[in-house]
Amino acid sequence: MSTVINTNLASLYAQNNLSNAQNNLANSVQRLSSGLRINSAKDDAAGLAISQFMQNQINGVNQSRRNLNDATNLIQTADTSMGTIQDMLLRIKTLTTQGYDGSLSASQRTQIVDEINELNTEINATAARTKFNRNNLISSTVSATTNATNIIDTSTYGAVNSVSANTMALGTFTLTGASGTLTASSIITSTYAGVVTSTTYSQTLSLTGYTAAAGGVQTINFDQIGLAINVTLTSGASATNLSVGLNNKTITTTGGTVPDLYFQGGSDTSTPNMVVYDAINMRTDTTSGGFQAMNDLGGQINLLNSYTTSTAQTTWANAFSTMGTFVDAALDVVSEQRSNMGALQNRISYINQNLEAYSTNLQSSRSAITDTDFAAETAKLTKGQIMQQAATAMLAQANQMPNIVLSLLK
């Protein structure tokens, strides 16, 4: 190396080494103070990308666990109400059996029906009030659709604007009109334990109160069978003509499917990660989307309400016998749905256990990439401090080296 004054290479080397030592020391201080090995992309670009993807998965999994906790609470809410409904159905079964007691008078049978009505009302009320965050759990309904608009001569009688129906009225109804009255009737079959039961649903209404002078849409409401016809009468028509216009007409109704509630049980929305609660309708008041067994029970209760003290004992007996069968079917439906809910809760419990382990393992892997290893980093800090001191000392020595030139000038 030449002996020069203007360029002190030894000092430059010492400065570079001191700068590196200070940078390394600063990195160690930053990592130890933040607890993170990666504080910016320059620290480990690939590691940052990998760790962020892992964090994305961790966030999804942790939120999924909270989702499933909500699902568990939701199902428990539904199951509790279903248990109450089951208890009421068991009481109705007892009353139905009691009603088949031949020693009872007709008035005593109507008193039995009074209690059945109260229980039936509470079954529907329990189903309606069972909600979770405003979501109906066991009273989810759908609309029934019909093919019955414009089924009469609008110029002579009026226009059938729409027909509304509930699920008791799912089937084909025949209208019979005569002398200002209108009857809607249908034979609806259901199967329980392999036995097919046919039930006649029929109701007759007087149309004397329906006049074109009243104006607007008027509703012919067959409330006992869950069928309503909305009509606008043509000017000049009377109720009698409307009966004639609807005579021998048929109305066919069909129902839809109640909506389901979905819960994401993983970091993405792929099919295996989705948990579904099947919203149901346990009401017996024949709202759309209900179970046939519940609708049959509600219809049979309505039939009992039409009986009086003058109704023949055999008619009462047949009605109670049929209702007993419907109660059995309704209890089976409730038990099956509660079983499904219990199975779903058990499944969610296992999913949560798996997600907890999954989240823990992901966080462990991410920690290995992003978190500071304090044992290793403190060793680096100590080394950095020593290297900084050594580089500073050598810089001082290097800065004194040009002084040797002065001895050559003497």
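**View 1. What lines the largest pocket: six nonpolar, six polar and four charged residues.** Here Ala, Val, Leu, Ile, Met, Phe, Trp, Tyr, Cys and Pro count as nonpolar, Asp, Glu, Lys and Arg as charged, and the others, Gly among them, as polar. A pocket is an open set of points on a 1 Å grid over the protein atoms alone, with protein on both sides within 12 Å along at least five of seven lines, and lining residues have an atom within 4 Å of a point. This is a predicted model, where local features need pLDDT of at least 70, side-chain atom pairs count only at pLDDT 80 or more, and totals for chains, interfaces and linings use all residues. Residues are numbered from 1 along each chain as its sequence is written, and side-chain values use heavy atoms, leaving out hydrogens and water.

**View 2. Arginine 31 and glutamate 377 form a salt bridge.** That term takes a side-chain nitrogen of Lys or Arg within 4 Å of a carboxyl oxygen of Asp or Glu; this pair sits at 3.8 Å, N to O. Both partners are buried, meaning under 20% relative accessible area, with exposed over 50% and partly exposed in between (1.4 Å probe, protein chains only).

**View 3. Aspartate 79 meets arginine 338 in another salt bridge.** Their closest N and O atoms are 2.9 Å apart. Aspartate 79 counts as buried because its relative accessibility is 18%, while arginine 338, at 26%, is partly exposed.

**View 4. Glutamate 122 pairs up with arginine 129 in a salt bridge.** Again the closest N and O atoms are 2.9 Å apart. Glutamate 122 is partly exposed at 29%, and arginine 129 is exposed at 54%.
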